[in-house]
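Subject: Model handover and notes

Hello,

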Amino acid sequence: MELFDVYPLYNVTPVKAEGAYVWDENNRKYLDLYGGHGVISVGHTHPKYVNDITSQLNNLGFYSNSIQNPLQKELANKLGKLSNCENYNLFLCNSGAEANENALKLASFKTGKSRIISFNNSFHGRTSAAVAATDNKNINAPINLQQEVTFLPLNNIKLVIHEIGKGDVAAVIIEGIQGVGGLDEGTTEFFQEVEKFCKKHGVFLILDEIQSGYGRSGKFFAFQHHIIKPDIITTAKGMGNGFPIGGVLILDKHEAKYGMLGTTFGGNHLACAAAISVLDIIKEEELIENVNKTSAYLLEQIKTISQVKKVKGKGLMLGVEFDFEVGELRKKLIFEKQIFTGGSMNKNLLRILPPLTMNTDQVDVFINALQEVL
Ligand SMILES: Cc1ncc(COP(=O)(O)O)c(C=O)c1O
């Protein structure tokens, strides 16, 4: 059997990793400024993380959601405290798309409505409602077209108010900072106005923090830069540092009902052990403080590179924009300088999503390499 060939691949084969570094099969060392699509939060093979998952596996790897699982409660408790979202309840699933799918479904159950408002260049995943709310026709199949989704430009509150006013909207879904789209984001005023009109009309505000969450923006969730309180927050990626897990945080005024949502694997013992370990490490190692420190240094150093047009994003979720396409630059960074970076729908943008442990020495390595390849 061959693999179903859906991914264009770089010719690199990582075989081991540690912290912000990855080694290939020829023992060549790479600086990982992409964290496997923004997934690696506490660093590769962090010893506590490896130990916590290993011990859990030695005890109990999996049992179903029809028994008591205290690890889920521990995870919810720690996540609530560290993210300052204690008045939310947690539903656990397995991926980002699944988190958004459940969030949209919940909004629809609760409002009895089905239209969704999403934004230009958004990415919310590849399942049914999540992909329909994603602004990319190429990844929507005919079967996905049954969803009612209206795409609006970011930061145009008049259009949002107009659409919400029609009375048939279940949810507004928005990324804290757009990831795949290219690091654009709503202004504080926009987020606050959207929140206000959602509340007024009983529309669910869903904050997709799958990429921008878990400390990456310099706050636990990126929306916390704007002082709003969404009805639902979705998370995945950095949540398990590579172990598949997703979460839907639901404001506690929205009540649950048995059977409303469900999954076989979501919130299993191993996934919870991984996610608890991530939260413990973020707290113990003060990684959000580190994000802010490293980000400030990076933003200062990058000013020395004259070819950089603009830097978008926050914390360690950054997009470095040039006035040319960065495909060749990324290849040179990988194959000549052994540095992984990312791309986005904006072809002129180099995407930086390193582990939250990135330090200023690693920033220097990146800046020097960038200067040399440019
Ligand atoms: C903002 C955002 N939402 C949702 C998703 C989908 O997550 P997953 O690939 O885990 O389904 C992604 C993935 O890149 C994302 O960046």
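First, the ground rules. This is a predicted model, in which local features need pLDDT of at least 70, side-chain atom pairs count only at pLDDT 80 or more, and totals for chains, interfaces and linings use all residues. Residues are numbered from 1 along each chain as its sequence is written. Helices (H or I, at least four residues) and strands (E, at least two) are DSSP runs, numbered from the N terminus.

**Ligand shell**

There are 15 residues around the ligand, and Ser95, Gly96, Ala97, Gly125 and Ile210 come nearest. A residue is near a molecule or strand if its C-beta atom, placed from the backbone, lies within 6 Å of it. Which helix gives the most to this shell? Helix α4 (residues 96-111) does, with three residues. Sorted by class, the shell has eight polar, five nonpolar and two charged residues. For these classes, Ala, Val, Leu, Ile, Met, Phe, Trp, Tyr, Cys and Pro count as nonpolar, Asp, Glu, Lys and Arg as charged, and the others, Gly among them, as polar.

**Helix packing**

Some conventions for this part. Axes are lines fitted to C-alpha atoms, for helices over the stretch in contact, and angles run from 0 to 180 degrees between N-to-C directions. Angles under 35 degrees count as roughly parallel, over 145 as roughly antiparallel, 65 to 115 as roughly perpendicular and the rest as oblique. A crossing is left-handed if the near helix is turned anticlockwise from the far one by less than a right angle, and right-handed if clockwise. Two residues are in contact if their C-beta atoms, placed from the backbone, lie within 7 Å.

*α3 with α8.* Helix α3 (residues 70-83) packs on helix α8 (residues 269-284) at about 30°, and their axes are 9 Å apart. The two are therefore roughly parallel. The crossing of α3 past α8 is left-handed. On the α3 side, the contact uses Leu71, Gln72, Glu74, Leu75, Lys78, Leu79 and Leu82. On the α8 side, it uses His269, Cys272, Ala273, Ala275, Ile276, Leu279, Ile282 and Lys283. By class, this contact of α3 with α8 has ten nonpolar, three charged and two polar residues.

*α2 with α8.* Helix α2 (residues 47-59) also packs with α8, at an angle of about 155° and with axes 9 Å apart. So α2 and α8 are roughly antiparallel. Their crossing is right-handed. From α2 come Lys48, Tyr49, Asp52, Ile53, Gln56 and Leu57. They meet His269, Leu270, Ala273, Ala274, Ser277, Val278, Asp280 and Ile281 in α8. The contact of α2 with α8 has eight nonpolar, three polar and three charged residues.

*α9 with α11.* α9 and helix α11 (residues 360-373) pack at about 25°, axes 9 Å apart. α9 and α11 are therefore roughly parallel. They cross in a right-handed way. Thr294, Tyr297, Leu298 and Gln301 of α9 make the contact with Thr360, Val363 and Ile367 of α11. By class, the contact of α9 with α11 has four nonpolar, three polar and no charged residues.

**Single residues**

For burial, a residue is buried if 20 or more other C-beta atoms lie within 10 Å of its own, exposed if 12 or fewer, and partly exposed in between; C-beta atoms are placed from the backbone.

Leucine 183 sits in the loop between β7 (169-175) and α7 (188-201). Is leucine 183 buried or exposed? It is buried, because 27 other C-beta atoms lie within 10 Å. Leaving out residues up to four places away in sequence, leucine 183 touches Ile177, Gln178, Lys312, Gly313, Gly319, Ser344 and Leu349.

Glutamate 148 is in the loop between α5 (128-132) and β6 (149-152). It is partly exposed, with 13 other C-beta atoms within 10 Å. Glutamate 148 touches Ser114, Arg115 and Ile116, again not counting residues up to four places away in sequence.

Histidine 37, in helix α1 (residues 35-38), has a positive phi near 70°. Glutamate 286 has a positive phi near 50°. Glutamate 286 lies in the loop between α8 and α9 (287-301) and counts as exposed, with 11 C-beta neighbours inside 10 Å.

Best regards
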